[in-house]
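Me: Could you take me through the structure below? I would like to begin with the interface and then turn to the individual chains.

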Amino acid sequence: MKLLAKYNRVNIPITIITLFISSIAFYFILHYVLVYQLDKDLMIEQQEILHFVKENNSLPEASDYRDQQILFHETKLNTFETKFSTAESYIKSEDEAESFRKLEFFVTANGENYIAEVIKSQQETEDIVQLILIITLSVIVFLLLVLFLVNRFILGKIWKPFYNTLAQLKQFNLSSKNRIVFQKTGIDEFTELNKTALLLIEKVTMDYESLKNFTENASHEIQTPLSIIKTKLELLSQSESLDDAQVQAIKAINTATSRLAKLNQSLLLLTKIENRQFMETEAVNISMIISQYLENFEELAEAKNIRIQRNMKDEVIINMNESLAGILISNIISNAIKHNLDNGTIEIKLSENELIVSNTGITPLKKTTQLFERFQKDSASGDSLGLGLAIVKKICEMSGFLVSYNYVNNLHSIEVRFS
Amino acid sequence: MKILIIEDEKALSESIDTYLSAQEYTCDIAEDFATAVEKTEYNDYDCILLDLSLPGGSGLTILEQLKEDKKQDGVLIISAKDSLDDKIRGLNLGADDYLPKPFHLSELNARVAAIIRRKNFDGNNIIEFHALKIDTQNKSVFVNHQNIDLTKKEYELLLYFVSNKKRLISKDAIAEHLWGNEMSGNFDFIYTHIKNLRKKLIDAGEVDYIKSVYGMGYKFTD
């Protein structure tokens, strides 16, 4: 859930409830205050009437105005407690019920007992309360609308640097030399976030660089002792006086040394590609390179009696590094031959958009996508270093190609999309 | 034929020396930059094997110096740093070839032989071994003056054998020479390939010079 949504989920109900409760409270308080005011007016009226009776010893005239009525009833009671009440009565002229506030009290004039009623219309009070209620409800609706708009536009704008940073971080690629530049923000938290992210990136990049340099240096340093082993072994094998056990030993050392040399070479190549040592691109004729390598590996295919089907467009020109193009093609083709069956087939499809090399071979035990990882090999055979596809993948990455490996209908197929 | 080995790794220069000396080359060794400069200045070599990272300086400087002095020595760069930049710079500075470490001595030897052949001003592009004659200019092979038809790879293989005659050549050295680095492990296909070459030579009347050395590789010898 987005922060904004989460925030809104809490904020909006609370706002509504608060406004609702306060409106109800407001309604009752206001109502109470206004009625209290009305009662005070009624009491003033009562004072006036009592005053009049005291002065004149007679009742004042009953009156009947729209907003105030004064009535007197004779009563046999000797005493009557003063009381306020609210009543509703139907007003014909306005065709609606109106509410009134009534004050009843005991008055004695001329020796007669009366109950006086002072009635005041409560309509204005009701109108005010209603009006206030409408205003409050409108405020709620308006507030929600404003909140929505604020969230939508202002908050969106405020959070923009955050999403910006996020997008930049998502695109961050250690092996790419593109430096991340965060937009300036006026918000301290985001500035702090960007600063921290930059520091982290710097540290990670530095670690990565030093690791890469280490790998490259280590690989280079390994070459010299390997050369010594290899050449000494070659000299040793020239000897005429070797017995069978010695020959076997030399053979085993030789195989292991070659393997080590190739492993080192492949790792070095991977590191070099990662270190962007193959950055210059040019128009490369892929059709020609494929033909060259097919010719180069012709004898190897023949040895396994592999039939090669070519379905290639001529003059497919791709913009990429020439050395990498050669390594890519030779890796894919030699893989298709190496991991093929006797009397198998290879089909090469090449168009401007893609290269598909499919070949027969044993069913893979591992997921085909895994085989792109370093040192993932499907067979236990010593022939394979498990770096060929990793190199293919790395070259495709560096050249902006999409590469996939599928096993469908008993065919292994490597698909490279150039665009 | 005089060869100068400029290489600071003693064990390696010794190996090279031993192998090349057996091929009737006279080898001189320089283990550091100063010695190398001195030797190249006062002597002419048919081929110089040049390591690029030397104590005291870069091999590329020596190359520049040779060019400045208009020396005709052939130069084969042997470098632990298989770097494209170094290769291009080296070749631009007049080096004849570039061989990354680790290499097979047979490969090194074949490359040296090729450089020396190219540097030969006598136009002597003919290699002879008994009744076998290889014209490296036209890439054609004759047995008793009769042209035999070899595929490109068979020709390269024969030349490789002849350049390393009487030496044991391992199968992976052959595989690497003919197909590059991509092929590893199982070298059964080489057998088929050598069988074909052998058959063509024998059919043309040449004695079988390609000896299989059990478990190790092949030897071209009379």
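Predicted model: local features only at pLDDT ≥ 70, side-chain atom pairs only at ≥ 80, totals over all residues.

Me: How many residues of chain B are in contact with chain A, and how many of chain A take part?

Reply: On the chain B side there are 39 residues, and they are in contact with 38 residues of chain A.

Me: What area do the two chains bury between them?

Reply: Chain B and chain A bury about 3600 Å² between them. Carbon and sulfur atoms account for 55% of that area.

Me: How many polar contacts and salt bridges does one find there?

Reply: There are 12 residue pairs in polar contact between chain B and chain A, counting pairs with both residues at pLDDT 80 or more. Two salt bridges cross the interface of chain B and chain A. Lys219(B) and Glu240(A) form a salt bridge through their side chains, at 3.0 Å from N to O.

Me: Which elements of chain B give two or more residues to the side that touches chain A?

Reply: They are α1 (10-22), α5 (105-119), α6 (152-163), β12 (168-170), α7 (171-179) and α8 (188-203) of chain B. The largest share, six residues, comes from α1(B).

Me: And what is the make-up of that side by class?

Reply: The side of chain B that touches chain A has 15 nonpolar, 12 polar and 12 charged residues.

Me: Let us turn to Glu234(A). Where is it placed?

Reply: Glu234(A) lies in helix α3 of chain A, which covers residues 188-237.

Me: Is Glu234(A) buried or exposed, and what is the nearest side chain of opposite charge?

Reply: Glu234(A) is buried and has no salt bridge. The nearest side chain of opposite charge belongs to Lys230(A), 7.4 Å away.

Me: What is Glu234(A) in contact with, then, apart from its neighbours within four places in sequence?

Reply: With those neighbours left aside, Glu234(A) is in contact with Tyr19(B), His104(B), Leu105(B) and Ser106(B).

Me: What else can be said of helix α3 of chain A?

Reply: Asp207(A) and Lys203(A) both lie in this helix, four residues apart, about one turn of the helix. Their side chains meet in a salt bridge, with 3.4 Å from N to O. Asp207(A) counts as partly exposed, because its relative accessibility is 42%. Thr191(A) is also placed in helix α3 of chain A, and at 33% relative accessibility Thr191(A) is partly exposed too. Thr191(A) and Pro161(A) are 30 residues apart in sequence, with their C-alpha atoms 8.9 Å apart in space.

Me: How many salt bridges are there over all chains?

Reply: A search of the whole structure finds 19. One network of salt bridges links Glu274(A), Lys394(A) and Glu397(A).

Me: Which salt bridges can you describe within chain B?

Reply: One of them joins Lys39(B) and Asp28(B), at 3.2 Å from N to O. This pair links distant parts of the chain, 11 residues apart: Lys39(B) is in helix α2 (residues 33-42) and Asp28(B) in strand β2 (residues 26-30) of chain B. With a relative accessible area of 25%, Asp28(B) is partly exposed. Another joins Asp203(B) and Lys199(B), whose closest N and O atoms are 3.3 Å apart.

Me: Where do Asp203(B) and Lys199(B) lie, and are they buried or exposed?

Reply: Both lie in helix α8 of chain B, four residues apart, about one turn of the helix. Both Asp203(B) and Lys199(B) are exposed.

Me: A change of topic: which residues of α7(B) are buried?

Reply: They are Asp172(B), Ala173(B), Ile174(B), Ala175(B), Leu178(B) and Trp179(B). Gly180(B), which follows α7(B), has a positive phi, near 80 degrees.

Me: Finally, how many helices and strands does each chain have?

Reply: Chain A has eight helices and 12 strands, while chain B has eight helices and 14 strands.

Me: And what share of each chain counts as buried?

Reply: For chain A, 39% of its 419 residues count as buried. For chain B, 53% of its 222 residues do.

Key. Residues numbered from 1 in each chain as written. Chains lettered and ligands numbered in written order. Heavy atoms only, no water. Contact = heavy atoms within 4.5 Å. Buried area = accessible area lost by both parts, 1.4 Å probe. Salt bridge = Lys/Arg side-chain N within 4 Å of Asp/Glu carboxyl O. Polar contact = N/O pair within 3.5 Å; in protein donor to acceptor, adjacent residues only side chain to side chain. Nonpolar A, V, L, I, M, F, W, Y, C, P; charged D, E, K, R; others polar. Buried < 20%, exposed > 50% of the residue type's maximum accessible area, 1.4 Å probe, protein only. Lys, Arg positive; Asp, Glu negative; His and termini not counted.
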